[in-house]
Amino acid sequence: MSSSLTLQSLPLFPLGTVLFPDGVLPLRIFEVRYLDMIGRCHKAGAPFGVVSLTQGTEVRQPGSTEVFSAVGTLATISDYEAPQPGLMVIRALGAQRFKITSRDQLKHGLWIADVEAMSPDMVVPVPDDLKNTADALARLIQSLEQRVDAPGQMPIRGPWKLDDCGWVANRWCELLPLPVQLKQHLMELDNPLVRLELVSDVLARTGIAN
């Protein structure tokens, strides 16, 4: 998709997390507004939008107001199960980032938005002074692979792009217990090298990538 692409009436899923491009998002869905939406997206092979909540909760509460960020990520359904009535278990993959140009809430609570796609990260090689951050991620991936029974249980998915600033930064952002507001700020950054530098600073303070 080009940066000029717009999508109208994109269904939104406000969550207490941030989805990054190429990220993995497992979801258990039981709210009626999302069961219907995910069912339609699955049948049509259509994406939905993930946006991070700044106010409100993931499960709708009477009288509560949902407020969410204006920048989100398209999500496509890669795995879908409906183990019982009223429950869906899916695995979604992060695609392109988008900016909301207008939004509306339907009667049954579902949010829809007109959005404009943002340009994907440029591929920027990891510089020598940040190689330790990529090396630490490689070690973590190897450790995770030894602990999980199947690739589908991995919190991140291949192909591993350990020489790409944006990919390495995004995977660390997903794996680290960072505040949602910080993850959102990092996801919105246009410069993948700056994003990796900020993530490397966090890792250095924690001693993970020393």
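Biologist: Which residues in α3 meet which residues in α5?

Modeller: On the α3 side they are C165, G166, V168, A169, N170, W172 and C173. They meet P192, L193, R195, L196, V199 and L203 in α5. Contact means heavy atoms within 4.5 Å. Helices are DSSP runs of H or I with at least four residues, strands are runs of E with at least two, and both are numbered from the N terminus.

Biologist: Before we go on, what should I know about the model and the numbering?

Modeller: This is a predicted model: local features need pLDDT of at least 70, side-chain atom pairs count only at pLDDT 80 or more, and totals for chains, interfaces and linings use all residues. Residues are numbered from 1 along each chain as its sequence is written, and side-chain values use heavy atoms, with hydrogens and water left out.

Biologist: Back to the two helices. At what angle do α3 and α5 pack?

Modeller: About 40 degrees, with their axes 8 Å apart. That makes α3 oblique to α5. Axes are lines fitted to C-alpha atoms, for helices over the stretch in contact, and angles run from 0 to 180 degrees between N-to-C directions. Under 35 degrees counts as roughly parallel, over 145 as roughly antiparallel, 65 to 115 as roughly perpendicular, and the rest as oblique.

Biologist: And how do α2 and α3 pack?

Modeller: Their angle is about 55 degrees, and the axes are 10 Å apart. So α2 is oblique to α3. The contact is made by T133, A134, A136, L137, L140 and I141 of α2 with W167, V168, R171, W172 and L175 of α3.

Biologist: Which hand does the crossing of α2 and α3 have, left or right?

Modeller: Left-handed. α3 also passes α5 in a left-handed crossing. A crossing is left-handed if the near helix is turned anticlockwise from the far one by less than a right angle, and right-handed if clockwise.

Biologist: Why is α3 described as largely enclosed?

Modeller: Because ten of its eleven residues, in the run 165-175, are buried. Buried means under 20% relative accessible area, exposed over 50%, and partly exposed in between, with a 1.4 Å probe and protein chains only.

Biologist: What covers the buried residues of α3?

Modeller: The cover includes β2 (24-29), α2 (131-147), α4 (180-188) and α5.

Biologist: What caps the N-terminal end of α3?

Modeller: D164 does. One of its side-chain oxygens lies 3.2 Å from the backbone nitrogen of G166. A polar contact is a pair of N or O atoms within 3.5 Å; within protein, one must be able to donate a hydrogen and the other to accept it, and residues adjacent in sequence count only if both atoms are side-chain atoms.

Biologist: New topic. How many salt bridges does the structure hold?

Modeller: Nine. A salt bridge is a side-chain nitrogen of Lys or Arg within 4 Å of a carboxyl oxygen of Asp or Glu. One of them joins D121 and R195, at 2.7 Å from N to O. D121 is in the loop between β7 (111-117) and α2, while R195 is in helix α5, 74 residues apart.

Biologist: Is R195 buried or exposed?

Modeller: Buried, at a relative accessible area of 1%. D121 is partly exposed, at 22%.

Biologist: What about K131?

Modeller: K131 forms a salt bridge with D128, with the closest N and O atoms 3.1 Å apart. K131 is partly exposed at 36%, and D128 is exposed at 67%.

Biologist: Which residues are linked in a network of salt bridges?

Modeller: E31, R33 and E66.

Biologist: Now the backbone. Where is the cis peptide bond?

Modeller: Between G158 and P159, with omega about 0 degrees. P159 lies in the loop between α2 and α3.

Biologist: Which residues have a positive phi without being glycine?

Modeller: S9 is one, at about 55 degrees, and D22 is another, at about 70 degrees. S9 lies in strand β1 (residues 6-15), whereas D22 is in the loop between β1 and β2.
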